[in-house]
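This report describes the fold, the helices and selected residues of a single chain. The sequence and the model are shown first.

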Amino acid sequence: MSAMNRLDLDLIELGAQAVNAALLDTPAARLSALTAVFAECGERSNIYYCPNTAAADFVRWVALDYRGARRAVRRRAVVAGV
């Protein structure tokens with residue numbers, strides 16, 4: 001598998017984990033799940049030529065996916081009147 005394909009798959013999988021973390025009910029559960037995703041970012045970055053840059057990019061994209069999912073959850077709560 002090429003490095004670009006591996007990068008795409010890693011970003012998709014890590015993003016999905018971040019979205020799942022954002023959907024958890026309690027802040028403690030979200031923090032725990034997001035911490036695990038960040039640890040996974042570090043582990044997956046080790047296969048790339050520059051692990052530090054890969055880890056930083058993974059964390060950046062995971063954070064964006066998490067924030068987007070949390071915004072969607074809050075928007076749905078406002079619309080529902082919660």
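The face of α2 turned away from its buried side carries Ala28, Leu31 and Glu43, which are exposed; exposed denotes over 50% relative accessible area, buried under 20%, and partly exposed the range in between, computed with a 1.4 Å probe on protein chains only. On the buried side of α2 are Arg30, Leu34, Val37, Cys41, Arg44 and Ser45. These residues cover an arc of only 95° around the axis, which puts them on the same side of α2; the arc is that of the directions from the helix axis to the C-beta atoms. An α-helix has 3.6 residues a turn, so residues three or four places apart point the same way.

The cover over the buried residues of α2 includes α1 and α3, where contact means heavy atoms within 4.5 Å. In length, α2 has 19 residues and reaches 27 Å from its first C-alpha to its last, close to the 27 Å expected at 1.5 Å a residue. The expected span is 1.5 Å times one less than the number of residues in the helix.

## Basis of the model

The model is predicted: local features need pLDDT of at least 70, side-chain atom pairs count only at pLDDT 80 or more, and totals for chains, interfaces and linings use all residues. Residues are numbered from 1 along each chain as its sequence is written, and side-chain values use heavy atoms, with hydrogens and water left out.

## Overall fold

The secondary structure comprises three helices and zero strands, in the order α-α-α along the sequence. Helices (H or I, at least four residues) and strands (E, at least two) are DSSP runs, numbered from the N terminus. Along the principal axes, the C-alpha atoms fill a box of roughly 50 × 20 × 15 Å.

Of the 82 residues in the chain, 24% are buried. Among contacts with a separation of 6 or more, 62% are between residues 24 or more positions apart.

Helix α1 (residues 3–22) has 20 residues, which at 1.5 Å a residue should span 28 Å; its end C-alpha atoms are 28 Å apart, in agreement. Buried in α1 are Asp10, Leu14, Gly15, Ala18, Ala21 and Ala22. They cover an arc of only 130° around the axis, which puts them on the same side of α1. The buried residues of α1 pack against α2 and α3.

For α3, the 30 residues should span 44 Å at 1.5 Å a residue, and the end C-alpha atoms are 43 Å apart, which agrees. Ala54, Ala55, Phe58, Val62, Tyr66, Ala69 and Arg70 are the buried residues of α3, and their cover includes α1 and α2. After α3 comes glycine 81, which has a positive phi near 85°.

## A buried arginine

Arginine 30 lies in helix α2. Although buried, arginine 30 has no salt bridge, and the nearest side chain of opposite charge, aspartate 25, is 6.5 Å away. A salt bridge requires a side-chain nitrogen of Lys or Arg within 4 Å of a carboxyl oxygen of Asp or Glu. In assigning charge, Lys and Arg count as positive and Asp and Glu as negative, while His and the chain ends are not counted.

With neighbours within four places in sequence left aside, arginine 30 is in contact with Ala21, Ala22, Leu24, Asp25, Tyr66 and Arg70.

## The aromatic pair

Rings of Phe, Tyr and Trp (its six-membered ring) pair if their centres lie within 6.5 Å; planes under 30 degrees apart count as stacked, over 60 as edge-to-face and the rest as tilted. The count by this rule is one aromatic pair. Tyrosine 48 and phenylalanine 58 form this edge-to-face pair, at 5.8 Å centre to centre with 70° between the planes. The pair links distant parts of the chain, ten residues apart: tyrosine 48 is in the loop between α2 (27–45) and α3 (51–80), and phenylalanine 58 is in helix α3. Both tyrosine 48 and phenylalanine 58 are buried.

Valine 73 is in helix α3 and counts as partly exposed, at 22% relative accessibility. Its C-alpha atom is separated by 8.1 Å from that of alanine 22, 51 residues apart along the chain. Apart from neighbours within four places in sequence, valine 73 is in contact with Ala22 and Leu23.

Methionine 1 belongs to the segment before α1 and is exposed, with a relative accessible area of 72%. Not counting residues up to four places away in sequence, methionine 1 touches Arg6 and Leu9.
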